[in-house]
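Subject: A structure for you to explore

Hi there,

Here is the structure I promised to pass on to you. Have a look at it first, and then read my notes below.

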Amino acid sequence: REITLLEVLMINVDIEVGGGNFNLAPPPMIAMEDDDDDEDGERVGSAIVEAMLSKSAPVFYGDLRSHERVPLPFSTFIGYCKQRMQNRDFGCANSELESHGLVGRDAEHAEDAPEQIYLAQTPIMNADNEEKVQLETLREDIETPAFLERKALASINLWMNNAKARSSTHYDPHHNLLCVVAGCKQVVLWPPSATPMLYPLPIYGEASNHSSVALENPDFSTYPRAKCAMEHSQKVVLHAGDAVFIPEGWFHQVDSDDLTIAINFWWRSNMMSSMEEHMDAYYLRRILKRLTDKEMDQVLHKTSSTIMGDMKRHIYELPSNGKADHRGNDLDQACEEADSKEKEVQQKNLLQDLEPIALQVLHEIVSLVHDYINISDHSQLLQSTLIDDSAARVKGECKKIVPANLFHLEDDPVAKILWSLQPSTLQRVFLAMAYNFPRTLEGLILHLLSPVGAEVLTRKFDEMDQQITEEDRNKFYQVFYGAFDDQFSAMDAILNGKESFALQAFNIVLNKYVGVNLDGPKPGF
């Protein structure tokens, strides 16, 4: 004889996923066997299930090291649940369990009942591994929702806890319909785009789909992005008869009340089903490239407005004659006798033709290069330059004052200047340097250009290319690279810096989305 445990109805529930609305048909009617039916009761109760015991109870983390699975008869687990409720409510729960058909011959498992025991993802049906199905008998008592009838179900699972429990934040590789049969669950959900704030465990680990941030007393010094996690979440409370659709890849964390019973359905998404295996490598590279590009954009733009404001407020002091301070020109003057390029300038791009902002920028850049030369032993550099100009240019003798791994725009004075300029202004400044101070330009590009500076420079060049004619573009690059003794070394310096910036962004992507740290920033970056 069957008694109805729950008939879950969903009416007019619209769930928006990726811009599409899905109207969910009524979820299943679930029935359980009455214990008066000895044959059916014995058939269900004798099934061996794997219950979870956690060292961190009531929190159940995904890491296998934090819990153990204990095989026991399903009826024994029910007995533990009953005893737990009796101890808590002094017998009030007995009638509750009887009304749900959960009181059986094995309720006498009293004194051995653990405080926390949890049936998690206990399979009722599993399309990939039928041998692991532990409660197949219940399959006939579960009515599949109408909207799932044409879906390729991956599994149906039972979830049941004897006391309050918390599952760690994680995502699943399938679409999920979670139906509460009895009790109450609170579900917090995050879209896949919130992954960086949840610090997923390494992709190569056994619990790679779980967050590494502890639910209780999270360490925000180690996981600073997690402070903002809840701002990107959605919360829903499910009572008996409620269900929630959790899309594939969405992180979720579940709190369950005492004696909560739930059934969930997993099914494969169309996206994953349609992906051909031979294209995996291509998809992986495309996705990593897109995330890396996005990370580089975020690094530059998250501080750009502040930097632009600071640069506008910062007025460089110019000499009284209205011209830029040429104290950084000492190096160029020392090189004049050995450098024929210096003798051709002066006519094509006069400094007095530059507008005030360009003069200010030129002054600041020359000052930075000048400081750099002083740090590198300016006198020794000048001496070596006069002795053998072709072999001992700035490029070979000086150590960088800008760290090679500098990544933040706000930490790099050169990158900040370049970022604040309009492409047309930058073009005029570089032409003035190429004509009048080629050695200073050489020192700037070969020795002061950090990875973030190289990225900013190439972006400014791209913007400039869109604004000028092809003829002007060709003339500019001819003059710019012509200022270097070795044009290829200048190109190498810019491209190597740009690739170094991209590599650091790639390492951050691996950390944020894959949970892997190479030689890049640490988890708290």
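To start, in which loop does Tyr199 lie? Tyr199 sits in the loop between helix H4 (195-198) and strand S13 (234-239). Helices (H or I, at least four residues) and strands (E, at least two) are DSSP runs that are numbered from the N terminus.

Two notes on how to read everything here. This is a predicted model, in which local features need pLDDT of at least 70 and side-chain atom pairs count only at pLDDT 80 or more, while totals for chains, interfaces and linings use all residues. Residues are numbered from 1 along each chain as its sequence is written, and side-chain values use heavy atoms, with hydrogens and water left out.

**Two residues with a positive phi**

Most residues other than glycine have a negative phi. Tyr199 is not a glycine, yet its phi is positive, at about 50 degrees. Tyr199 counts as buried because its relative accessibility is 2%. Here buried means under 20% relative accessible area, exposed means over 50%, and partly exposed is in between (1.4 Å probe, protein chains only). Gln121 also has a positive phi, near 55 degrees, and is a residue other than glycine. Gln121 belongs to strand S8 (residues 118-126), and its relative accessibility of 40% makes it partly exposed.

**Helices**

Which residues of helix H14 (residues 438-448) are buried? They are Pro438, Arg439, Thr440, Leu441, Glu442, Gly443, Leu444, Ile445, Leu446, His447 and Leu448. That is 11 of the 11 residues, so H14 is largely enclosed by the rest of the structure.

Two packed helices are described by the angle between their axes and the distance between the axes. Axes are lines fitted to C-alpha atoms, for helices over the stretch in contact, and angles run from 0 to 180 degrees between N-to-C directions. Angles under 35 degrees count as roughly parallel, over 145 as roughly antiparallel, 65 to 115 as roughly perpendicular and the rest as oblique. A crossing is left-handed if the near helix is turned anticlockwise from the far one by less than a right angle, and right-handed if clockwise.

Now try this on helix H15 (residues 451-467). The axes of H15 and H17 come within 7 Å and cross at roughly 110 degrees, so these helices are roughly perpendicular to each other. The crossing of H15 past H17 is left-handed. With helix H12 (residues 413-420), the axis of H15 comes within 8 Å, at a crossing angle of roughly 15 degrees. H12 is therefore roughly parallel to H15, and H12 passes H15 in a left-handed crossing.

Leu418 is part of H12 and counts as buried, at 2% relative accessibility.

**Salt bridges**

Side chains of opposite charge can pair when their charged atoms come close. A salt bridge is a side-chain nitrogen of Lys or Arg within 4 Å of a carboxyl oxygen of Asp or Glu. How many salt bridges does this rule give? The count comes to 10.

One of them joins Asp128 and Arg268, with the closest N and O atoms 2.9 Å apart. This pair links distant parts of the chain, 140 residues apart: Asp128 is in the loop between S8 and strand S9 (153-161), and Arg268 is in the loop between strand S16 (260-267) and helix H5 (270-274). Asp128 is exposed, at 60% relative accessibility, whereas Arg268 is partly exposed, at 29%.

Another salt bridge pairs Lys512 with Glu295, at 3.1 Å from N to O. Lys512 is in H17 and Glu295 is in helix H6 (residues 280-301), so the pair ties together parts that are 217 residues apart in sequence. Lys512 is buried, at 11% relative accessibility, and Glu295 is buried too, at 5%. Salt bridges that share partners also join Asp297, Glu455, Arg459 and Lys498 into one network.

**A nonpolar patch**

Finally, look at H17 (residues 487-514), which holds Leu495. Phe488, Met491 and Leu495 make a nonpolar surface patch of about 320 Å². Patches are made of residues with over 30% relative accessible area and no salt bridge: like charges are joined within 9 Å, and nonpolar side chains (Val, Leu, Ile, Met, Phe, Trp, Tyr) within 5 Å. Accessible areas come from the Shrake-Rupley method with a 1.4 Å probe, and for residues only the protein chains shown count as cover. Leu495 is partly exposed, at 46% relative accessibility.

Enjoy exploring!
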